[in-house]
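User: I would like a close look at a single part of this protein. Please keep the answer plain and give the cut-offs.

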Amino acid sequence: MSDAPAKEDPAQEIPSEEIPALLLSMVPECADFIAEMFHQPAETAVLTEDSAVMLYELLAGCFTAPVLMPQLRSDSPDTHLLTRCWDFVERIVDHPTQHVGGAVYFEVLDQLLIDGGLVEAAWPYMKERTRARTLLMLDDFDVRLPGVDPRKDPHTTPGRGAQAAQRLK
């Protein structure tokens, strides 16, 4: 038996019902938005079943739109905040449940395709699993971005992802 520690998989360790509390602890800037959404203090709201069941809404309305996107669009982003945001995403991006995985994909990663430059702005803060998932998403849309996707020529003609590529222009 090896004395080397087993490789940690953070997504396996986090029960889905604990993700709202993890969000609040890692990105406390979400607190006011959580309190507003659930009509109670954020510290209480993240412990309710509703916050876990409403994970799509929680990520979209309390994390991505009000906290993450403004930083990615900023000329002078808070790099510490962006690091914490992407550390949070990294913890849950490969979660074994479809509910959590889908919420991360649609309410965080897919939102990076709304405007040109968002993926590139996020890239330096993303960790290994988040980068891998983002590259898969870009592949799904046949989108190639210079400096982000080192695997293929960024000047390839988009196929079925032409609409996504147009959104990025």
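Which residues are buried in H8?

Analyst: This is a predicted model, in which local features need pLDDT of at least 70 and side-chain atom pairs count only at pLDDT 80 or more, while totals for chains, interfaces and linings use all residues. Residues are numbered from 1 along each chain as its sequence is written, and side-chain values use heavy atoms, with hydrogens and water left out.

In H8, the buried residues are Val100, Gly102, Ala103, Val104, Tyr105, Glu107, Val108 and Leu109. Buried means under 20% relative accessible area (1.4 Å probe, protein chains only). Helices are DSSP runs (H or I, at least four residues), numbered from the N terminus. The cover over the buried residues of H8 includes H2, H6, H7 and H10.

H2 is itself mostly covered, with 6 of its 8 residues buried: Ile19, Pro20, Leu22, Leu23, Leu24 and Met26.

Leaving aside residues up to four places away in sequence, Val27 touches Phe63, Val67, Leu81, Arg84, Cys85 and Phe88; contact means heavy atoms within 4.5 Å.

As for confidence, the protein averages a pLDDT (the predictor's confidence in each residue, from 0 to 100) of 87, and 81% of the residues score at least 70.

Terms used:
Buried < 20%, exposed > 50% of the residue type's maximum accessible area, 1.4 Å probe, protein only. Helix = DSSP H or I, 4+ residues; strand = E, 2+ residues; numbered from the N terminus.
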